[in-house]
Amino acid sequence: MIYTLPKLQYAYDALDPYIDAKTMEIHHSKHHQAYVDNLNKAIAELDIEDTTLEYLFKQASALPPVIRNNGGGHYNHSLFWNLITPGGNTNPVGNLASAINETFGSFANFTEQFTAASMGRFGSGWVWLYLNEEGRLAIGTTPNQDNPLMLHTTIKGRPILALDVWEHAYYITYQNRRADYVSQFWNIINWDVAEELYNAAKQ
Ligand code: MN
């Protein structure tokens, strides 16, 4: 097996009440595990030497959709688990905090635009804060398990912050109320990780 399910750095119930334990358990041990299993199976059936996600994302249009969907699923969820944490910082830190203020005017403006983007994503997908190809911060969304690293998707750049807006991420606690789920996201963000991603993307 090339890819494995990453261990969470916190317990399934650690993010309660923002994300309940049952949601975390199913999301990690069932949904994410399935992306990992299906990715490994799909790679085994391909005759390719380079099986890194970076390579696969750049070839996604030439590979079966199963690679794009499950490779994206594995990458996006691995990132998401690291970007959330019990007792997250309330506000961005460091260089990213400055860049958010510079780009969006204020953190409040940023959260407003990020929330609007999440509500504008029809169906399943992800909301991103990313460093675009011009080296500027931007907010955008992708359908399904696409991400900004993929060659053929709607936005391109390096992910800084990721929010899963598939219903499986919030349905047990929030049912259809995606806006309520997004409003709680700000309580559990690990801005230290986002700052590391930002600094790495800037290099
Ligand atoms: Mn998910």
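Trainee: Which residues touch the most other members of the largest nonpolar core?

Mentor: Of its 46 residues, F110, L129, L137, L161 and W191 touch the most other members. This is a predicted model, in which local features need pLDDT of at least 70 and side-chain atom pairs count only at pLDDT 80 or more, while totals for chains, interfaces and linings use all residues. Residues are numbered from 1 along each chain as its sequence is written, and side-chain values use heavy atoms, with hydrogens and water left out.

Trainee: Why is this called a nonpolar core?

Mentor: The name applies because its members are buried Ala, Val, Leu, Ile, Met, Phe, Trp, Tyr and Cys residues joined through side-chain atoms within 4.5 Å, where buried means under 20% relative accessible area, exposed over 50% and partly exposed in between, with a 1.4 Å probe and protein chains only. Among the elements that each supply at least two residues are α3 (65-83), β1 (125-132) and α8 (191-202), helices (H or I, at least four residues) and strands (E, at least two) being DSSP runs numbered from the N terminus. β1 gives the most, with six residues. Apart from this core lies another, of 12 residues, including Y3 and L149.

Trainee: What does L129 touch?

Mentor: Leaving out residues up to four places away in sequence, L129 touches, among others, L96, F110, L137 and L161, a contact being heavy atoms within 4.5 Å.

Trainee: How do you know which residues are donors of the manganese ion?

Mentor: Donors are N, O and S atoms within 2.8 Å of the metal (3.2 Å for Na, K and Ca), and sites may look incomplete because water is not among the atoms. H27 (NE2), H77 (NE2), D164 (OD) and H168 (NE2) lie 1.9 to 2.1 Å from the manganese ion, and therefore qualify. Their spacing in sequence is H-x49-H-x86-D-x3-H. H27 in helix α1 (residues 21-44) and H77 in helix α3 are 50 residues apart, a pair that links distant parts of the chain.

Trainee: Are H27 and H77 buried or exposed?

Mentor: Both H27 and H77 are buried.
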